[in-house]
Amino acid sequence: MKRHIPVWVFVVLGSILAGALAPTGDWILQKVDENIGSDNKISRSLMIIHGRRGSRSIESRSWIQGDEKSFTEYLAPPREAGTKMLKLGDQLWTYSPSTDRTIKISGHMLRQSVMGSDLSYEDLMEDRRLSELYAAKVAGEEESAGRSCWVLELTSKADETAYFSRKIWVDKERFVVLREDRFAKGGKLLKRTEVKDVQRIEGRWIPKKIVFKDMLKTGEGTEFVLEDVRFNAAIPDSVFSKASLRR
Amino acid sequence: MIAFLFKGLMRDRSRSLFPILTVLIGVTLTVFLYNWMNGAEFNFIDSSARFSTGHVKVMSRAYSREADQVPNDLALAGVGTLLDRLRKDYPDLIWTPRVRFGGLLDIPDANGETRAQGPVMGLAVDLLSAGSVEPGIFKLGEVLVRGRPPQGPGEILISDDFARRLNVQPGDTATLISVTMAGSLAVANFIVAGTIRFGVEAMDRGAMIADLAGIQSALDMEDAAGEILGFFRDFVYRDRRAADIAARFNTAYQGDSDEFAPVMDTLANQAGMGDLLAMMRMFSGLALVIFIGVMSIVLWNAGLMGSLRRYGEIGVRLAMGETRTHIYRSLILESLMIGALGSVIGTAIGLAASYYLQAHGLNIGFMMKNASLFVSNVMRAKVSPASYGVGFVPGLLATFLGASISGLGIYRRRTSELMKELEA
């Protein structure tokens, strides 16, 4: 006499197995960091700011070392050309060539817009890995920009984060954040980003075009276009010094 | 008859001294209070107009909606053309463009590093053009504490208290960190030409006065300004006239749907000023009504006491055949004389006190520490032609009312019982 295993046993075992194999939020976040993170990075980018009075473009070149050091030089338009920014850990300086002054950006100034864009200095400061700053929880699965995504809810686990919580849509296959909502502690939506173009560069999936929208500002948002990027390039240490701001 | 009654009043102090003193005190307080409120209102309007609102102000519609946030990204563009049009169409007013801005004033040390830094409330005005009214509006000659007025677009004035806090001397370099019209970080160096003290807490906390051209260049606002202020040529605000001008101007742009089209606001329409002024006027009127009311009651009471004391006299006069109406009239005439005398002396004392406070003022700076209103720390009374009459009418009215009401008792006396009353 043959004994049959009831179907429900398979269903239960299958569910348990699927649950055990389903990725956790923290694991997904680590994969996101692994995809985008690198020791060194040199990039050239364009910010197109769509304000109430029209649009304008700002071009810059950045040198980034790990998640602690970065140096940015603005190249165009002429009024902004020569302006430089240096970030060392949690400190930020800006150099204005017209005044030959190096000013430390601190306090409430960090919340101000960078060059009139929808990005704040705080946004620029946040180079640390998401998995170090936030605890993640998988909230579901959705489609975003035609790609199947995990929806993660992130809650800050560090005091220095600019946003208390975030909701991100991560491409299941490429581990790229395709959409993001950033919230204040009270739950107010402060910023939204949407990735419009993703390309494979040096074996990584890199967002080439992101639209940032400061939800507290009127305007059509700021397009951030990554024109060129080189990972793990050699960058002399002297670049990340206050002296290099005046060079 | 008037001379006869006056002689009677002077000889009988009990009929004159107390009522005259009552009227005198009431009228003195009325005149003084009126002038004080007048001065407070003038101070409020004058300071607000000079520093913030003008008598009328032209802004872009978008800027006007968020004016308290000083949104220079929404400022008026093409200001030169607009100014020409305003000067041509509304020649009764003086038109002057301004830029208000916020930011940080950073003081460098010898190596260019930050030595001191503080938040600044900036005002860019036309200080250097020939014939500009702004140095006069800001009374730069009077408010200068140290240094000299700016002589170029790269020079600024900062409030003296702020300068002392940052340890800045005239001649030092200060870097303004602000935001351009496009929203970028603006960093510009200026020379501190001098320090100022306006005596207006909201300005003296941390103000920076700069020439318009210098700030337009620093904030990337060529041919742009946040506001164009209009002042009546005699610097006296007339609400109805201002409202007419604003209505005429706004009608001309009614069909323009552009959010950056200009819009004109009167002083009373800006930042709740109208409500505040209405409230001040209401309190002023209420105080006068209360004084008249209280004085009337006191004088009525005095009249009643006088009638009681003069009970016999009035009885004799009635017995001698004097009519009730004649006696009543003579009482009212007496009261009017008392009222006139008390009012004249009260007005004189009230005016003397007002003139003193108009000249010397009263420093209320200790009450203005966190004030954001543009009100001078030294409150002054203001004597106007109306001040000479404002106490006189209530003084006469109160004595008249008091005597009229208390005198009605005469009509209740019965002639048939007069002899019995007199015998008693």
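**Two chains in a working chat**

Colleague: Quick one to start: how many bridges join strand β1 (residues 56-60) of chain B to β11(B)?
Modeller: There are 3 bridges, and the two strands run antiparallel. Strands here are DSSP runs of E with at least two residues, helices are runs of H or I with at least four, and both are numbered from the N terminus. Two strands count as paired if DSSP finds at least two bridges between them.

Colleague: And what am I looking at, and how is it numbered?
Modeller: This is a predicted model, where local features need pLDDT of at least 70, side-chain atom pairs count only at pLDDT 80 or more, and totals for chains, interfaces and linings use all residues. Residues are numbered from 1 along each chain as its sequence is written, while chains are lettered from A and ligands numbered from 1 in the order in which they are written.

Colleague: Back to β11(B): which residue is the bridge partner of Lys57(B) there?
Modeller: Leu229(B). Strand β3 (residues 93-108) of chain B also runs antiparallel to β11(B), joined by 6 bridges. On that side, Trp95(B) has Gly230(B) as its bridge partner.

Colleague: Switching to helices. At what angle do the axes of α13 and α15 of chain B cross?
Modeller: Roughly 155°, with the axes of α13(B) (residues 324-360) and α15(B) (residues 392-407) coming within 8 Å. That makes them roughly antiparallel. Axes are lines fitted to C-alpha atoms, for helices over the stretch in contact, and angles run from 0 to 180 degrees between N-to-C directions. Under 35 degrees is roughly parallel, over 145 roughly antiparallel, 65 to 115 roughly perpendicular and the rest oblique.

Colleague: Is that crossing left-handed or right-handed?
Modeller: The crossing of α13(B) and α15(B) is right-handed; that is the clockwise case, whereas left-handed means the near helix is turned anticlockwise from the far one by less than a right angle.

Colleague: Which residues make the contact?
Modeller: From α13(B), they include Tyr328(B), Leu331(B), Ser335(B), Gly339(B) and Gly346(B). From α15(B), Phe392(B), Gly395(B), Phe400(B) and Gly407(B) are among them. By class, the contact has 11 nonpolar, 11 polar and no charged residues. Nonpolar covers Ala, Val, Leu, Ile, Met, Phe, Trp, Tyr, Cys and Pro, charged covers Asp, Glu, Lys and Arg, and the others, Gly among them, are polar.

Colleague: What does Ile327(B) touch?
Modeller: Leaving out residues up to four places away in sequence, Ile327(B) touches Ile314(B), Arg317(B), Glu322(B) and Ile410(B). Contact means C-beta atoms, placed from the backbone, within 7 Å. Ile327(B) is found in α13(B) and counts as partly exposed because it has 19 C-beta neighbours inside 10 Å. Its C-alpha is 8.8 Å from that of Gly407(B), 80 residues apart along the chain.

Colleague: How many residues of chain A are in contact with chain B?
Modeller: 15 residues of chain A, against 15 of chain B. On the side of chain A that touches chain B, β6(A) gives the most, with 4 residues. By class, that side of chain A has 2 nonpolar, 7 polar and 6 charged residues.

Colleague: What's in chain A overall, in helices and strands?
Modeller: Chain A has 5 helices and 13 strands. Its C-alpha atoms fill a box of roughly 95 × 40 × 35 Å along the principal axes, and 28% of its 247 residues count as buried.

Notes. Contact = placed C-beta atoms within 7 Å. Buried ≥ 20, exposed ≤ 12 C-beta atoms within 10 Å, placed from the backbone.
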